[in-house]
Amino acid sequence: MRSIYGALAAAAVAMTALPAFAQIKIGSAGPMTGQYAAFGEQLKRGAQMAVDEINAAGGVNGQKLQLTIGDDACDPKQATAVANQMASDKVVFVAGHFCSGSSIPASSIYHEAKILQITPASTNPKLTDDAFANGNTTIFRTCGRDDVQGTTVGNYILKYHKNARVAILQDKSPYGKGVADETKKTLNKGGLREVMYEAYNDTDKDFTALINKMKREKIDMIVLGGYHTAAALIIKQSKEQGLPTQMVGFDSLETAEFYQLGGAATNGVLMSFPPKAEDDPKNASLVKKFRDAKYNPEGYTLFSYAAVKVWAEAANKAKSTDAAAVATALRSQTYDSAVGPLAFDQKGDIKNPVYDIYVWKDGKSYPTVK
């Protein structure tokens with residue numbers, strides 16, 4: 001009888017058709033289904049574009065790449081199943097996952113299987129901190145960390161909203177709680193104490209009780225540690241129920257679905273995100289390639305693209321796809337990438353990460369004050 005993990009893996013991993021020339025298997029993993037599927041699409045689209053370009057240019061060390069897509073639905077158990085299937089399929093590299101709660105349990109499986117992992121989007125510090133402490137030096141990320149992101153948001157609030165009555169809300173996930181707590185640290189250190197600190201479930205649809213509590217406490221600013229689905233509902237219901245509050249979120253709001261779910265209520269919502277690679281003039285031709293394929297490379301699309309490209313460049317430099325050899329090559333120099341220069345420290349984190357503050361207006365986010 002098949003184990004539950006075997007069944008999950010079979011359901012979660014969809015293999016692309018194997019071209020006759022494919023000789024190196026790599027993977028892209030994230031929430032391809034479920035409420036965060038928009039982000040899985042970002043990761044998949046970015047990885048596939050990179051693979052197509054690499055193969056057109058001759059591949060890696062003279063061999064072409066085959067991309068395997070893993071669907072973890074941002075569920076830790078399904079992420080573990082995906083990682084086990086990737087190992088069984090002899091994948092040598094995975095660009096993923098999206099949710100920190102998926103990347104963290106998957107990372108130990110990849111390490112044991114000698115699969116190099118570069119996450120385009122998992123920001124929880126524990127991912128690389130704990131891996132490094134346990135001797136895992138083959139995990140990297142092309143994004144920043146929650147401690148940098150939380151500090152950025154906290155300092156913004158201290159500078160521009162130092163007298164705000166703040167409610168910190170978080171969805172109990174490693175990501176949501178992580179960014180919320182890092183922001184809380186910065187606010188508290190700067191002398192601003194939150195009026196409320198509350199957890200919610202990311203599957204909730206009715207936030208009336210929470211909104212009523214915020215109304216009683218006269219909350220005028222929400223720090224939202226969680227994903228775009230709940231954030232859209234919370235800000236929409238807050239305005240409908242007479243709570244004129246400012247919301248400040250994080251990088252997980254960066255998808256057009258946030259506006260589609262929240263509508264006009266999302267106007268004025270603030271969030272942190274790295275400098276947008278799709279707006280960089282040097283990426284104009286690349287962005288055009290995505291848009292010609294009827295896809296807007298929003299959010300973490302180019303971070304996923306960069307993860308595959310930088311792995312390929314390092315593998316060519318190492319003349320090997322061995323995880324340890326590629327990891328050494330990744331740390332040996334600064335790589336030019338679609339998301340800017342990438343240099344990795346001992347833990348696999350990028351050096352000198354930057355987050356900016358953006359404001360939502362009519363379905364798009366724009367840079368605001370630095």
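Modeller: A residue counts as buried when its relative accessible area is under 20%. The model discussed here is predicted.

Biologist: Which of F273 and F303 are buried or exposed by that rule?

Modeller: F273 is buried, and F303 is buried as well.

Biologist: What makes the pair of F273 and F303 edge-to-face?

Modeller: The ring centres of F273 and F303 are 6.1 Å apart, and a pair needs centres within 6.5 Å. Their planes stand at 85°, and over 60 degrees counts as edge-to-face, so the pair gets that name. F273 belongs to strand β11 (residues 270-273) and F303 to helix α12, 30 residues apart.

Biologist: Why is the pair of F93 and W311 called stacked?

Modeller: The planes of F93 and W311 are at 5°, with centres 4.9 Å apart; planes under 30 degrees count as stacked, so the pair is stacked. F93 lies in strand β4 (residues 93-96) and W311 in helix α12 (residues 301-318), 218 residues apart. Both F93 and W311 are buried.

Biologist: How many aromatic pairs does a search of the whole structure find?

Modeller: The search finds 14. One aromatic cluster includes Y36, F39, F273 and F303.

Biologist: How many cavities of 30 Å³ or more does the structure hold?

Modeller: The structure holds 1. The largest cavity has about 50 Å³ of space.

Biologist: What lines the largest cavity, by class?

Modeller: The lining has 6 nonpolar, 4 polar and 1 charged residues. Among the lining residues are F98, Y175, Y227, D251 and Y300. Asp counts as charged, so D251 belongs to that class. F98, Y175, Y227 and Y300 are also in the aromatic cluster.

How values were computed:
Residues are numbered from 1 along each chain as its sequence is written. This is a predicted model: local features need pLDDT of at least 70, side-chain atom pairs count only at pLDDT 80 or more; totals for chains, interfaces and linings use all residues. Side-chain values use heavy atoms; hydrogens and water are left out. Rings of Phe, Tyr and Trp (its six-membered ring) pair if their centres lie within 6.5 Å; planes under 30 degrees apart count as stacked, over 60 as edge-to-face and the rest as tilted. Helices (H or I, at least four residues) and strands (E, at least two) are DSSP runs, numbered from the N terminus. Buried means under 20% relative accessible area, exposed over 50%, partly exposed in between (1.4 Å probe, protein chains only). On a 1 Å grid over the protein atoms alone, a cavity is a set of points where a 1.4 Å probe fits but cannot get out, and a pocket is an open set with protein on both sides within 12 Å along at least five of seven lines; lining residues have an atom within 4 Å of a point. Grid points are joined across faces, edges and corners, and a volume is the space filled by probe spheres set on the points.
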